[in-house]
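Good morning, and thank you for coming. I would like to walk you through one protein model, moving from the whole chain to a few single residues.

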Amino acid sequence: MMAQEKYRSHIVKRGETIATISNKYGISERAILKLNPDSKDGLRENAVIILPNNGVIVKPGTGRSFIIHKVRKRETLFSLSQKYNVTIDDIKKFNKQLYATSLRKNDKIKIPQGEPVVSAETEVTTNTEVAAIDKHAVKPKETVYGIARMYGITMNELIALNPRLTTDLPIGTVLNVPGKAVTVTANIDDECYGFYTVKPKEGFYRIEKNLGMTEEEIVALNPYAKDGLKEGMILKIPKGIAMIEASGSITTTDLERTINNRETRRIALMLPFQLSKTQVDSLDSKDVLKRSSAMRVALDFYSGALLATEFMKDKGVSTIVDVYDTEGRESKVSSIINSNNFSEVDAVIGPLLGVTVARAAADLKRENIPVFSPLSNRAIDMTSNLFQTIPSDAMLGDRLLKYMKPLAVDKNVIIITDGKSASDKAKLVAAFPGATLISPREQGYIYVADVDKKLTSTKENWVILASENPIIVSNVVPMLNGIPGDYNIRLFTMDKNNAYESDDVSNVQLANLNFTFPSVNKSYDYSAKNAFLISYKNKHGVMPNRFAVRGFDVTYDVLLRLANADNVYEASDEDFMTEYVENRFRYGKKLFSGYENTAMYILRYTDKLQFEVLD
């Protein structure tokens, strides 16, 4: 009887491994192998293995026992901490994936019980954490990243200790550092290793998914990471992985490879086709199409969305598509919803305009039908079922500042702003407190003399232009191109608005200034052998415009999320990013509100008149 209570059997199914069984039962791989030593060389289908019964498991070396808890609906880390009388930090410590993901129903997690055994080594580590500030003299080949890593701190923490820190460190420079190094040296063999900066909410689980490195491999190279990861921490990783991560491709999750739900899905497309305006005569229809930009956008978006459903069909997932003409009117949206049954709809994509998408989300909230706003980033009432697929202008601007700040320590920053950009000005001054401010004169212009005297030939000059005024933008861009002298000037903006589309602002001038800005999307490469581009060209005889690409990217992402979970809410709980032809998606849940896409690009205009993705 005792044996039956302590152990259970499991019949191995096709494709199962020690790792998948470990995850299924919440049992460590070591515990399984200890009871089944013959399994080290792999598992045979239909083989019977012995497992510890889910109950209390003692982790060697910790002095603590664990309860395996299966997460129920509406349970949170807080409620579990109260139920088991442990801290939230303790639960996360023994379930590393919870640093990067939230609790999900049916997850099996380890709840620590009892007090940990505190060794002398643990006490020493604790004392080190509160040690006094010390000094570090820069040695040959040392870098700021290597030094931060050497002391187990982030770049921001190193900058806080050394406000005048630059990336160019002369040998012998004395820096303020924590009292004791956690690694032997700041030098890293450039031939073998590189650096990786831990991102917000990123734990061992997410890094393993992104970089393919296990917790044990990371800790082996970075001993100070054994107590967990924190945002900004700098890790030593093999250079091949570092180069892939730096390119940006490793940070995305490929949902095509993880499809596990091939049920037929139903989506609704709500677009302003405005069919009532068309005539039976084809010439009249063409004339209407020429005059109606909303109709053109709707048809282009629709063409991309339909191709997304065909791509899903090739992967074994069928899609039922309900198409509705909103006519661009809020009242029509309500009429469509009231006249049709949406209870079986997995997701609504559209309408396109902010006011109409807000109406659709509000009317469908009662049935909790997810609504995706595909083209508008206007500030609207964010109901809990609304997915805002385009980041707001404020989010774009903030992302540029986050990109620039750690790189600006040794730059001459100049901010050019007008009175109408007060919000951006306040953010820029806060981000770059030592920057020079330049405002237009009474006539509304910036003159060469205003800028020339602020430039330096000893540093790179970063000019940040914050204005929506086409007169100022068309004044500043040509002027920066024509300033005499040996100056290295780079132009930035938090908002690439319509003022940059003026005839007086040429792409060549922007490229000369390495124009850098945040963007919702990138531009696809016409020569790329992309499956969507090839399929679209074969089907329609032309290359897709940005609205057709947007229709494909948004719809394909929604359908792939549905093919990886029961619903899009569950599929968007984890913090991960997807990327397709021109767009990225990384949804975050707002408190008491809907979901926002926080994924975007930092682009630079190159001398080849092409956009380079920097981040």
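Predicted model: local features only at pLDDT ≥ 70, side-chain atom pairs only at ≥ 80, totals over all residues.

Let me begin with a term I shall need throughout: contact means heavy atoms within 4.5 Å.

First, the overall picture. The protein has 23 helices and 25 strands. It consists of 615 residues, of which 45% count as buried. If we take the contacts between residues at least 6 apart in sequence, 67% of them join residues at least 24 apart.

Let us turn to one helix, α19, residues 470-482.

Which residues of α19 are buried? They are Ile472, Val473, Ser474, Asn475, Val476, Val477, Met479 and Leu480.

What are the partners of β15? Strand β17 runs parallel to β15 and is joined to it by six bridges; within β17, Asn461 is the bridge partner of Asn412. Strand β16, residues 436-438, also runs parallel to β15, with three bridges between the two. There, Leu437 of β16 stands opposite Ile415. Together, β15, helix α17 (residues 422-431) and β16 form a β-α-β unit that is right-handed.

Staying with β17, I would draw your attention to Trp462, which is found in this strand. Is Trp462 buried or exposed? Its relative accessible area is 2%, and a residue counts as buried under 20%, so Trp462 is buried. Leaving aside neighbours within four places in sequence, Trp462 is in contact with residues including Met404, Leu407 and Ala408, with Asn412, Val413 and Ile414, and with Arg490 and Phe492. The side chain of Trp462 also makes a polar contact, at 3.2 Å, with the side chain of Glu460. Finally, Trp462 and Leu491 are 29 residues apart along the chain, yet their C-alpha atoms are separated by 6.1 Å.

Now to another part of the model, an open sheet of seven strands. Its order is β11-β10-β12-β13-β14-β23-β22, and the pairing is mixed. Which strands stand at the edges? They are β11 (319-325) and β22 (587-589); each has a single partner strand, so one side of each is left without a neighbour in the sheet. On average, neighbouring strands of this sheet are turned by 25° against each other, direction ignored.

Helix α15, residues 354-364, packs on this sheet and touches β12 (347-349), β13 (371-373) and β14. The direction of α15 makes about 165° with that of β13. Buried in α15 are Gly354, Thr356, Val357, Ala358, Ala360, Ala361 and Leu364. These buried residues pack against α14 (330-339) as well as β12, β13 and β14. As for β14 (residues 386-388), two bridges join this strand to β23 (residues 595-597), and the two run parallel. Gln388 stands opposite Glu596 in β23.

I shall end with two asparagines in loops. Asn95 sits in the loop between α5 (88-93) and β5 (108-113), and is buried with a relative accessible area of 4%. A polar atom of the Asn95 side chain lies 2.8 Å from the backbone oxygen of Ile91. Asn261 is in the loop between α11 (239-246) and β10 (265-271), and is buried with a relative accessible area of 9%. The side chain of Asn261 reaches the backbone nitrogen of Glu263 at 3.1 Å. Not counting residues up to four places away in sequence, Asn261 touches Val317, Leu562, Ala563, Ala565 and Asp566.

Conventions:
Residues numbered from 1 in each chain as written. Heavy atoms only, no water. Buried < 20%, exposed > 50% of the residue type's maximum accessible area, 1.4 Å probe, protein only. Helix = DSSP H or I, 4+ residues; strand = E, 2+ residues; numbered from the N terminus. Pairing = 2+ DSSP bridges. Axes fitted to C-alpha atoms, helices over the stretch in contact; angles between N-to-C directions. Right-handed = clockwise from strand over helix to strand, strands pointing away. Polar contact = N/O pair within 3.5 Å; in protein donor to acceptor, adjacent residues only side chain to side chain.
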